Amino acid sequence: CTYAAINRQKLIDLNFKYDTIIMEESGQILEIESFIPMTLQKKMSNLKRVVLLGDENQLPPIVKSQAIRTQCLYHLSLFSRLIKSRYKNCVILNEQGRSRTEIVNLFRYLYEDLKDMKEISQKFKNSKNFCFKHTIQFVNVEEFNGRGEEMNSNNSFYNLAEAEYCIGLYMYMCLVGYNPSQISILTTYNGQKELIKEIYTKKCGWNKFFNNIGKICTVDKYQGQQNDFIILSLVRTKKIGYLRDIRRFIVSLSRARQGLYIFGKWDLFINCLELNKTMNIFKDKYNYKNRKLELYLDGNENNMIEVDDFRHMYRLVQELLKIAMNNTKNEENN
């Protein structure tokens, strides 16, 4: 839609003729923007049908002006308006083909009769994530030296302990055999994203074992994308902030196909009313001791370890890195 707006006259001059428009992620498009692709023909009568695809439980279009957003309802997309008006030709898709069952169970209650496709059920049946005790986990991160959430010069929040922990876990996963491109690190604030990128460049950029990470991105920018493993930093330690919007939380949780590892302050998020149903799943079904990250060293289920904090995580990484570098030297010598 943005491209069509910028290049509208050029596209009209190409004399396109089309009778159908299919618009994906249409729940994120401003209502007025959604009409732009419909007006790229000299004869409007050619257009016969428009198909809008989207998810009303995920993030709406971004409107920076509070007044325009709330008073004019400008944040509602055409897609959302049609659903709210009970438009007769709305079709609800009720099978998902992205994530393993445990991940989908975190937000399944928001969808009408949501099932898993047979291919997904078979793919992940009885499968585990190597070296992890859990396929999904909420890891409690306490303040480090009295530092929890902080604000940078651009008035965006960041959390040093969570940023270091995210990179530490990423490095660990690379060293035990995961493909770096299979892993993405998401966070809820630009300040945290920049900090994670800075730490990644400093600690991973020089080493071949850690190159080619999937993506380091904010949740809002990652909507519509996915990866096998998602490491998520929630950042806040004093107030929930705009993660209180359940739609943003759902986007955060639904990006992972195979494994989801969340770093946040447990006591804060478990007491958030808006996130209550999802957080209670973590509380009731994954009620492991102290909310610490639980790993199987060497993939051996008899060798389980609880990671105390990001410093402990880095010590594990250092040990594995020495082994990996020695193995590389031996291979080169042979």
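**Exercise 1.** In which sense do S5 and strand S11 (residues 256-264) pair, and over how many bridges?

*Solution.* A quick note before starting: this is a predicted model, where local features need pLDDT of at least 70, side-chain atom pairs count only at pLDDT 80 or more, and totals for chains, interfaces and linings use all residues. Numbering starts from 1 along each chain as its sequence is written, and side-chain values use heavy atoms, with hydrogens and water left out.

Step 1: get the elements. Helices (H or I, at least four residues) and strands (E, at least two) are DSSP runs, numbered from the N terminus.

Step 2: check the pairing, which takes at least two DSSP bridges between two strands. S5 and S11 have five, in the parallel sense. Ile136, for one, has Leu260 in S11 as its bridge partner.

**Exercise 2.** Classify how H8 and helix H9 (residues 190-203) cross.

*Solution.* Step 1: take the axes (lines fitted to C-alpha atoms, for helices over the stretch in contact; angles run from 0 to 180 degrees between N-to-C directions). Those of H8 and H9 come within 9 Å and cross at roughly 45°.

Step 1: apply the classes: under 35 degrees is roughly parallel, over 145 roughly antiparallel, 65 to 115 roughly perpendicular, the rest oblique. That makes H8 oblique to H9.
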